[in-house]
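Let's talk through the aromatic rings together. Have the sequence and the 3D view open as we go.

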Amino acid sequence: MTKIDVVIATYNGGKRLKKTLESLTRVKLPQSDWRLLLVLNACTDSSRAEADSYASRLPLVIIEVPEAGKSHALNQAVPHYRSDLIAFTDDDVTVDAEWLSAMIAAAATHPEYSVFTGKIVGRWERQPSEKLRQWIPLGSTYAVNENPVSGPCGAGEVWGPNTVYRRAVFDAGFRYNEAVGPRPGKLYPMGQDTEMATRVCKAGFKAYYVADAVVEHTIKSETVSEDWVVRRAERLAYGIFAVGNSAGYKRRLPAFVPLPLEIALMNYLWTATYPLTFLMPEQKHRFWIKWRYFYFRGLRAGYARFAARGQA
């Protein structure tokens, strides 16, 4: 039996895949000990050709999934698992040569843990401005965690570019929530990695951070801007009710105010305030007005789609 299966789902990632696959060829682990399950999710570009070009250099299994949706694609890989450890990363990541070895060693050393995550170093195509660094939490916004110290961690620190589960988690029936996660289209509920880890940890499985299990995550230049960050808030809020998690929204008004009324009022407030941002100079206050506008717009749309219709 192989020691670890690596799962990557890609949607038209042909231009990104080469760096990721090339880095995997440098993994310092015998190919008999690991496999790469590459899920081509509704790809219409050169992804298949790029993958095929590495077939002789990697222990590669290609899985084609025609229905779009990252969570759905990841779930389709489950029947192909052959290892006790299942690692997940993305198609815009460069893995360290010791990444898999470090995860295997951590799992052996800490048998009481079933969820592992590791260091995620940001490979910035364009450095964020000092203002953006001060206004937002860069780590959670861009899935970067450069903590140098290993130890127990919470589910909220388990992020997609660097995640490992014991196969026992999937044998227990856990799957990614297909209502959440990237899919083609303008708006989708985000946060499938944290949502999955949260459910798993609530069931009693424990998570551990492995500082010497390292990957580099490419942060695209077009995402390092105020406009991208505030629009991300819309996807973040849209996903809260998609997973039936009203606790993910912190109430602003007294409890006697019905939740849908509160969301509508907050949405109206920030919609009315948002035009002022076009008259304001660049500053933190302007940034957070814009952020709240998009957040409550996404929250209202998510409530209408998932909670109000009983789908959450």
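**Aromatic pairs**

The structure holds 21 aromatic pairs. This is a predicted model, where local features need pLDDT of at least 70, side-chain atom pairs count only at pLDDT 80 or more, and totals for chains, interfaces and linings use all residues. Residues are numbered from 1 along each chain as its sequence is written, and side-chain values use heavy atoms, leaving out hydrogens and water.

Q: Why is the pair Phe-241 and Tyr-303 called edge-to-face?
A: Rings of Phe, Tyr and Trp (its six-membered ring) pair if their centres lie within 6.5 Å, and planes under 30 degrees apart count as stacked, over 60 as edge-to-face and the rest as tilted. Here the centres are 5.1 Å apart and the planes stand at 85°, so the pair is edge-to-face.

Q: What makes this pair a tie between parts 62 residues apart in sequence?
A: Phe-241 lies in the loop between α9 (226-238) and α10 (259-273), while Tyr-303 lies in helix α11 (residues 284-307), so the pair joins those parts. Helices here are DSSP runs (H or I, at least four residues), numbered from the N terminus.

Q: Why does Tyr-303 count as buried?
A: Buried means under 20% relative accessible area (1.4 Å probe, protein chains only). Tyr-303 has 19% relative accessibility, so it counts as buried. Phe-241, at 2%, counts as buried too.

Q: Why is the pair Trp-291 and Tyr-295 called stacked?
A: Their ring centres are 5.1 Å apart and their planes are at 15°, so the pair is stacked. Both residues lie in helix α11, 4 residues apart, about one turn of the helix.

Definitions and conventions:
Helices (H or I, at least four residues) and strands (E, at least two) are DSSP runs, numbered from the N terminus. Buried means under 20% relative accessible area, exposed over 50%, partly exposed in between (1.4 Å probe, protein chains only).
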